[in-house]
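Trainee: Could you take one part of this chain and walk me through it closely? I'd like to see how it sits among its neighbours.

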Amino acid sequence: MTSPARPGAARPSRRSLIGGLSGAVVTVGAGAGCSSRGAIVVVAPHPDDEVLRLTGYVLHARDRGDDLVLVAVTDGEASGARPPSWSREHLVSVRTREQDTAWSLLTRGAGSVVRLGLPDGGLAENAVRDALRPVLD
């Protein structure tokens, strides 16, 4: 976690606690510290990244009373785990439904999901950043 700011030091409007586009990212709203209520935005490049990487943190934030928002960057349509009999559309339907269900269970129905709908695979970091800007503002 992050340490408290020094008295008089400028506090950033957002902080990334866990970074990298290969996994989930958590952004904490202004003034939110480890023990205070805030807005938590979890950015997951693929369905299940938020569950595999951040379940403990999400449960802690939920119990603390934070507002929880999951931003799903892609719908995971490029997954190599697709059974041969499934269409791409069926895979997307299953993965997004599983992600919605898992998020609802983690947040006890209090969290929301924002889907960016970006293509899975080969995204430039600036494309993700540009798509996230309206959500984080």
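Mentor: Overall, the chain has 3 helices and 5 strands, where helices (H or I, at least four residues) and strands (E, at least two) are DSSP runs numbered from the N terminus. In sequence order that reads β-β-β-α-β-α-β-α. Bear in mind that this is a predicted model, with local features needing pLDDT of at least 70, side-chain atom pairs counting only at pLDDT 80 or more, and totals for chains, interfaces and linings using all residues. Residues are numbered from 1 along each chain as its sequence is written, and side-chain values use heavy atoms, leaving out hydrogens and water.

Let's zoom in on helix 2, residues 88–106. Its 19 residues reach 27 Å from first C-alpha to last, close to the 27 Å expected at 1.5 Å a residue (the expected span is 1.5 Å times one less than the number of residues). Buried here (under 20% relative accessible area, 1.4 Å probe, protein chains only) are L91, V92, V94, R95, T96, Q99, W103 and L106. Their cover includes strand 3 (39–44), helix 1 (49–64), strand 4 (67–72) and strand 5 (112–115).

W103 and L106 also belong to the largest nonpolar core, 11 residues in all; such a core is a set of buried Ala, Val, Leu, Ile, Met, Phe, Trp, Tyr and Cys residues joined through side-chain atoms within 4.5 Å. Strand 3, helix 1, strand 4 and helix 2 each give this core at least two residues, with helix 1 supplying the largest share, 4 residues. Leaving aside residues up to four places away in sequence, L68 touches W103 and T107, among others (contact means heavy atoms within 4.5 Å). After helix 2 comes R108, with a positive phi near 55°.

Note on methods
Buried < 20%, exposed > 50% of the residue type's maximum accessible area, 1.4 Å probe, protein only.
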